[in-house]
Amino acid sequence: MRRCLPAALVLIAACSNIASPAVTNIYDYRDIEFNDTLAFHWPRTLLPVRVWVAAGSPIAPDVVTAVDRWQDAFLYGEFRATLVADSTTADVIVRNDISDIGGGIGSIAPQCVGETDLDIDPDAHTLRLPIHVFMYAVVSDIEPGIAACFSITMTHEIGHVIGILAHSPHSEDVMFSNPLFDGVSDRDRQTAVTLYHQPATVTVIGRR
Amino acid sequence: MRFPTLLLAAVACAAPLAAQSALRVSAGATYSSALIDDGVLSTKLRPAIAPTAGLGIAIPTGKGPYRVVAEVSYARSALNVITTTGTGGNDRLAAVATVTTLILAEGAFHGAFRWQVGGGAVFYRPTERQGVFQNGGTRRWMLAGGVVWRHPLTAKMDLLVTGRVDAHTFSTDVLQARGYGQSQSVQRFGLLLGASRRL
């Protein structure tokens, strides 16, 4: 029996799976409209998501940073995006401007404002592409703090683009309505991961 | 195809080292079990079957039938994402290359068959920094074993067919930072066709 013990241990070790942590530290990412739950995430068939921002735009680096941050929140490539040169082929159009659509979800800081307009039909449970993101400075572009405001706000807006349709109640998260955290918090990350491993109730239409 | 070409050139140009030492080249395919089997997210990350090329040297140990084989092999394949709940769908991520270095003991087994057993290291090198490889590659220690069938072709050349199995545990810095405990046991199975040239 003793001789079998090392072999048994080796066999057990050879068959063990990694121990996945529980995902418990999350906030509600859904949009509840008239008691109806709207949950959206990009299907893998539409990855990578095509994002357009004008070449040379002062917010282009913030878009790249925000996309990288959210991509790195995932371990299995659940969300991936790429920048495209032609806005007519984009799933997401980002502009350094005041929204000409209105009614979107976004964030407000003293230095800059962001807004994400998702054309969701709550009756049909559809999201029509493209998604429009606007971000602009409400003070001079050279005002101290504007760079940080752009970085935080764009990360917040891309959080809406990936499918977080609500705001975090925690001020330590970038998805807080008036975010201060420049990055993706552990709670933001776990929320996004949970979102992508639950069924979506909203399907994508338009373009492609 | 540059790597296999270099291997063949190395065999052809090899200078004699010692009697009965042999240089080996091989090519084939490697199947791997899942690098991650995430029970909470119901997701598996498994490399596709990988084309594999190898180069090794076999050195006899004294007068017995035993040899020491030092071997390096290269494989590369895409990473398949397999979800088991139907919420995410399946996907294919950027390719990951593995460089495997092994030291094996080899001895006679039965007829033209020879056994191999040993260990070494496998180096994972992602072609893109994403997902579990967003901080780059990783190195894992491994155990390996196999069977080699040898068939003489000429006075100096043998045909080799190698069946190989190896095992290692897998984890990365990112997985550990995100609270993934222990590590995933990974088994790989390789089938390689090669040639051996006595030096």
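These legends accompany close-up views of a predicted model.

View 1. Chain B is built from two helices and 10 strands, and, when its elements are read along the sequence, they follow the pattern α-β-β-β-β-β-β-β-β-β-α-β. Of the 199 residues in chain B, 36% are buried. Among the contacts in chain B with a separation of 6 or more, 59% are accounted for by residues 24 or more positions apart.

**View 2. The contact between chain A and chain B.** Chain B contributes 31 residues to this contact, while chain A contributes 25 residues. On the side of chain B that touches chain A, the elements giving two or more residues are the strands β2 (36–38), β3 (43–47), β6 (91–110) and β10 (184–198), together with the helix α2 (173–177). Sorted by class, that side of chain B holds 11 nonpolar, 16 polar and four charged residues.

**View 3. The surroundings of Ala34(B).** Ala34(B) lies in the loop that runs between β1 (22–32) and β2 of chain B. Ala34(B) counts as buried because it has 20 C-beta neighbours inside 10 Å, and the cut-off for a buried residue is 20 or more. When residues up to four places away in sequence are left out, Ala34(B) touches Lys44(B), Leu45(B), Arg46(B) and Gln184(B).

**View 4. The pair Ala34(B) and Gln184(B).** Although 150 residues separate Ala34(B) from Gln184(B) in sequence, their C-alpha atoms are 8.1 Å apart in space. Gln184(B) is one of the residues that Ala34(B) touches.

Conventions. Residues numbered from 1 in each chain as written. Chains lettered and ligands numbered in written order. Predicted model: local features only at pLDDT ≥ 70, side-chain atom pairs only at ≥ 80, totals over all residues. Contact = placed C-beta atoms within 7 Å. Helix = DSSP H or I, 4+ residues; strand = E, 2+ residues; numbered from the N terminus. Nonpolar A, V, L, I, M, F, W, Y, C, P; charged D, E, K, R; others polar. Buried ≥ 20, exposed ≤ 12 C-beta atoms within 10 Å, placed from the backbone.
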